[in-house]
Amino acid sequence: MSSDPTPTPAPVHHKLPGGGVHWTGRGKLWLGDDHLFEVTTLFVVESYRRFFFREIKALTVRRTKARLIWALVLGGLGLLFALVTAGFAWSGFKSSAVEVRPLMYGMAIIFAPLAVLCLTLLGFNLALGPSCRCYVLTATGWHALAAPSRLGPAVQVQARIIPIIEAAQGGAPDSETAAPYQGTS
């Protein structure tokens with residue numbers, strides 16, 4: 001007698017917008033049929049957390065100063081490297097000793113890409129928009145999510161997930177607590 005059980009279909013997950021980097025690794029959020037799924041990767045180690053919609057009490061988004069801090073660090077380093085590059089180039093141009101000129105120009109060539117890299121990363125950081133932190137409240141407490149880490153994708157995720165949470169729990173008890181982020185950017 002052979003019983004041929006029908007195979008259970010694999011769970012389907014849809015990637016939600018935005019990613020994020022946290023001290024625990026690079027994070028991504030996935031939307032399952034009845035849960036929110038977080039995958040965090042640190043080098044070759046992956047960790048997973050699942051939050052069932054019927055157990056989520058709140059999904060909040062809080063702005064952070066990470067964008068400002070990175071802008072100051074990258075802008076400062078970019079400016080410093082640009083000034084060092086200009087100083088070496090000017091020294092090479094003004095030097096009367098022919099032997100010193102290649103050294104000064106060589107140092108300028110070394111520092112110029114560092115300035116360009118820092119200023120390019122600064123541009124990307126500013127273009128990504130305000131930084132934020134997302135939190136999920138369950139019966140076990142608040143859980144910080146590694147993703148999304150920028151406000152635009154976080155608001156999109158929140159707007160997409162809140163109606164699903166409300167449907168899984170039979171409606172929202174208070175429309176003010178379930179409203180998506182309405183802060184200024």
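Modeller: What follows looks at one helix and then at the nonpolar core.

This is a predicted model, in which local features need pLDDT of at least 70, side-chain atom pairs count only at pLDDT 80 or more, and totals for chains, interfaces and linings use all residues. Residues are numbered from 1 along each chain as its sequence is written, and side-chain values use heavy atoms, with hydrogens and water left out.

Helix 2 covers residues 100–127; helices (H or I, at least four residues) and strands (E, at least two) are DSSP runs, numbered from the N terminus. Its 28 residues should span 40 Å at 1.5 Å a residue, and the end C-alpha atoms are 41 Å apart, which agrees. The expected span is 1.5 Å times one less than the number of residues.

The buried residues of helix 2 are Met104, Ala108, Phe111, Ala115, Cys118, Leu122 and Asn125. Buried means under 20% relative accessible area, exposed over 50%, and partly exposed in between, with a 1.4 Å probe and protein chains only. An α-helix has 3.6 residues a turn, so residues three or four places apart point the same way. Helix 1 is among what covers the buried residues of helix 2. After helix 2 comes Gly129, with a positive phi near 95 degrees.

The largest nonpolar core has 18 residues. Such a core is a set of buried Ala, Val, Leu, Ile, Met, Phe, Trp, Tyr and Cys residues joined through side-chain atoms within 4.5 Å. Helix 3 gives the largest share of this core, 5 residues. Phe53 is one of the members that touch the most others.

Key:
Contact means heavy atoms within 4.5 Å.
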